[in-house]
Amino acid sequence: MTPKPLLRLLMLGAALTAAGCATPVAPSGPQSASCESGAVRLTQDFSTAPDYACERTDDAAFKLTVLPEDPDINPSPWYAFDLHTERASEAQVALDYPDYRHRYQPRIEIEDGHWVALPDDAVMVSEDRQNAVLSLEIGPGATRIGAQEVISLADRAMWRTAFADRTGMTRRVIGESRQGRPIEALSRPAASPGAPLIIILGGQHPPEVPGVLGLRAFLDALFGAEANTSVLDGYQWLILPDLNPDGVEHGHWRHNAGGLDLNRDWGPFTQPETAAAFAAIQAQIANGHAPYLLLDFHATRRDVLYTPPDAAELTPFAFSEDWIALIEEEWSGTEPAFDRGPSHNVGMPTSKTWFADTYAAPGVTVEYGDDTDRDRITALSQTAARALARYLDEAQTVSAE
Ligand SMILES: [Zn+2]
């Protein structure tokens, strides 16, 4: 793969402030088609790109109307687009949020797979946060911008394949999404037939890319070169990293193609994605593996673990407290690694609540911050994986005594 030319980012902050560009630019000209032709163009035609109405407001200026796939939705206003130019050019893109507020600091792909956040002074956000204007200097070719790193369905499939290859895991299709895209599971068998079942989920909410990065680093640390295989062998592992391929493909904020938040469908199982996950879990239980632990990877505004309430009568008892204590013991930072949110979403049909209510076993939602430094995400995940391996090792020792 040929790296794209490194794109210089122009710091136009001062000029923008003087020009008062925090006010939305008045729309002019025809809709989207006009954005896709001309010397400087804007397109939204790749995996994860939504299809927002686009207006050209000048030769190299555009306005995107950022609206969710369904009304009244979790405020995760995703966007992803390409800018194209023949010659080096300045370009402006206004993100207009009629009903929501700007949330994600734009990121730019400076080389294949390498992303950086735009500097603050290249992004002018209006006081009510319903408009943000990005100012860029783009080089010849295509420049990709996203609300987070763009990780396409093809990238995700390649990662699963490579991960399965390097860890010896089994990869198989357990079902299809609403629009017929495959849902894949990775699994690692236990050494003994009745071993407890550990389930790891990801990808339910499309814009939550830090959760994807966190899950990958966690799995690499747990099952990669440093893996403690004798500990891993004591458990049956079922991993479902990408549960919402339709939502990812279309650049949804939250839902699958059936218009539902999949993490409010654990229990009802009305959607093919959650129904496939449930069937895969049931198949493991039918084979004698009792549910032991569920971890579900997401992103929100901070690094936080949403755990069952402290007093919950679950087995293993007090898993969250013990795991978190080990994480903090392993963590090299001066501040705690994760915040903790016990009793979050009690009574809602989320994966963790369903797991605890159905199997009396702990389910934990692992959340990374939208803006958490990517090296910190890796460090948090590696620490959490080491702590989990220690926990499981000690649990096996205790049960063997
Ligand atoms: Zn989420």
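A charge sits over a ring if NZ of Lys or CZ of Arg is within 6 Å of the ring centre and within 35 degrees of the ring normal. The model is predicted, so local features need pLDDT of at least 70 and side-chain atom pairs pLDDT 80 or more, while totals for chains, interfaces and linings use all residues. Residues are numbered from 1 along each chain as its sequence is written, and side-chain values use heavy atoms, with hydrogens and water left out.

**Exercise 1.** Find the residue that lies over the face of Phe46.

Solution. Arg144 lies over this face, at 3.6 Å from the ring centre of Phe46.

**Exercise 2.** Determine which atoms coordinate the zinc ion, and how the donor residues are spaced in sequence.

Solution. The spacing of the donor residues is H-x2-E-x89-H. Glu208 lies in the loop between β13 (197-202) and α3 (209-223), and His298 in strand β15 (residues 291-300), so this pair ties together parts 90 residues apart in sequence; helices (H or I, at least four residues) and strands (E, at least two) are DSSP runs, numbered from the N terminus.

**Exercise 3.** Decide whether Glu208 and His298 are buried or exposed.

Solution. With buried meaning under 20% relative accessible area, exposed over 50% and partly exposed in between (1.4 Å probe, protein chains only), both Glu208 and His298 are buried.

Definitions and conventions
Donors are N, O and S atoms within 2.8 Å of the metal (3.2 Å for Na, K and Ca); water is not among the atoms, so sites may look incomplete.
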